[in-house]
Amino acid sequence: DGKKIKFIFEIMIPQGSATGPQIAAIFQKSLKKIGIELKTRTFEWATFIEKMLKHEYMAQMSAWVTGTDPDGGWNIWRTEQYKDGRNTGGYSNARVDDLFLQGRYEFDKSKRAKIYQEIQQELYDDQPYLWLKNRVNLSVIKI
């Protein structure tokens, strides 16, 4: 009806995040220039995870560690993982769902690599998240 409506949303950040508050401050400043108000809210880790799994947030800032096998993204990107997995953003792409199944049953390393590369291309094309950075994570396991 021609009425202006304020655009305000909230981003949740886990307590103890080294970069979250700094990045949120940059977002706030940039969004303010175009009339959008971004509020931040910090939660301790258990509450942050609970809110993510219950899909009780507008936006959130976090990071993943998925391991060395690309199939680790199964519970992040598959449609069926919205309810009980880590697909907290509600991403759904039938092609990605199918590719993960193909990757799980392919034993040829080069063919399997191409399947997971195609998944990455789909994610890049869809942009379900705003990826800000990639950090190498070194894990050591004693066997």
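Reader: Ground rules before we start?

Author: This is a predicted model: local features need pLDDT of at least 70, side-chain atom pairs count only at pLDDT 80 or more, and totals for chains, interfaces and linings use all residues. Residues are numbered from 1 along each chain as its sequence is written, and side-chain values use heavy atoms, with hydrogens and water left out.

Reader: OK, H5. Which of its residues are buried?

Author: Val-96, Asp-97, Leu-99, Phe-100 and Gly-103. Buried means under 20% relative accessible area and exposed over 50%, with partly exposed in between (1.4 Å probe, protein chains only). Helices (H or I, at least four residues) and strands (E, at least two) are DSSP runs, numbered from the N terminus.

Reader: Where do the buried ones sit around the axis of H5?

Author: The buried residues of H5 fall within an arc of 165°, so they line one face of the helix. The arc is that of the directions from the helix axis to the C-beta atoms. On the other side of H5, Ala-94 and Tyr-105 are exposed.

Reader: What do the buried residues of H5 pack against?

Author: Helix H3 (74–77) and helix H6 (109–126). Contact here means heavy atoms within 4.5 Å.

Reader: And what caps the N-terminal end of H5?

Author: Asn-93 does, with a side-chain oxygen 2.8 Å from the backbone nitrogen of Arg-95.

Reader: Now H6. Which residues are buried there?

Author: Ile-115, Tyr-116, Ile-119 and Leu-123. They cover an arc of only 90° around the axis, which puts them on the same side of H6. The face turned away carries the exposed residues Lys-114, Gln-117, Tyr-124 and Asp-125.

Reader: How many residues are in the largest nonpolar core?

Author: Twelve, including Trp-74, Trp-77, Leu-99 and Tyr-129. A nonpolar core is a set of buried Ala, Val, Leu, Ile, Met, Phe, Trp, Tyr and Cys residues joined through side-chain atoms within 4.5 Å. H6 gives the largest share of this core, four residues. Another core, of seven residues, lies apart from it, with Ile-13, Ile-23, Leu-38 and Met-61 among them.

Reader: Switching to the sheet. What's the strand order?

Author: E2-E1-E3, an open sheet of three strands with parallel pairing. Two strands pair if DSSP finds at least two bridges between them.

Reader: How many bridges join E1 to E2?

Author: Eight, with strand E1 covering residues 7–14. Ile-8 stands opposite Glu-37 in E2.

Methods: A polar contact is a pair of N or O atoms within 3.5 Å; within protein, one must be able to donate a hydrogen and the other to accept it, and residues adjacent in sequence count only if both atoms are side-chain atoms.
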